Amino acid sequence: MITAIVLIKTSVDRIPEIAERIAALENVSEVFSVTGTYDLIAMVRVARHEDLAEVIPGRISKIPGVQGTDTHVAFRTYSQHDLEAAFAIGLDS
């Protein structure tokens, strides 16, 4: 599974509506409304790198009010769940 973090600039007056439209897209797992340079952050998960082109420029960027995106592809994912499992290795219950 390939994870991309998509930073999204939008029309400020339409952030909630745009966020809902992005969240409804297939392969988008979460959308966060944030402060700072960007208005939204979307987590996109796909099976192949080629699928990113279908989701990000093919769908997200075409939503009215989306002004631009900046995409970062994750090399590896670390989560609290992964850390707990790693620390539990070798422990007898």
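Let's start at valine 28, which is in contact (heavy atoms within 4.5 Å) with Ile22, Ala23, Ala42, Met43, Val44, Val55 and Ile60, leaving aside neighbours within four places in sequence. This is a predicted model, where local features need pLDDT of at least 70, side-chain atom pairs count only at pLDDT 80 or more, and totals for chains, interfaces and linings use all residues. Residues are numbered from 1 along each chain as its sequence is written, and side-chain values use heavy atoms, with hydrogens and water left out.

Valine 28 sits in strand 2; strands (E, at least two residues) and helices (H or I, at least four) are DSSP runs numbered from the N terminus. Its C-alpha atom lies 9.5 Å from that of isoleucine 60, 32 residues apart along the chain.

Four strands form an open, antiparallel sheet in the order 2-3-1-4, where pairing takes at least two DSSP bridges between two strands. Strand 2 (28-33) and strand 4 (66-73) are the edges, each pairing on one side only. Strand 1 (residues 2-10) and strand 3 (residues 40-46) are joined by seven antiparallel bridges.

Threonine 3 belongs to strand 1, and its bridge partner in strand 3 is arginine 45. Threonine 3 is also buried, at 9% relative accessible area. Beyond four places in sequence, threonine 3 touches Met43, Val44, Arg45, His72, Val73, Ala74 and Thr77.

Technical notes: Buried means under 20% relative accessible area, exposed over 50%, partly exposed in between (1.4 Å probe, protein chains only).
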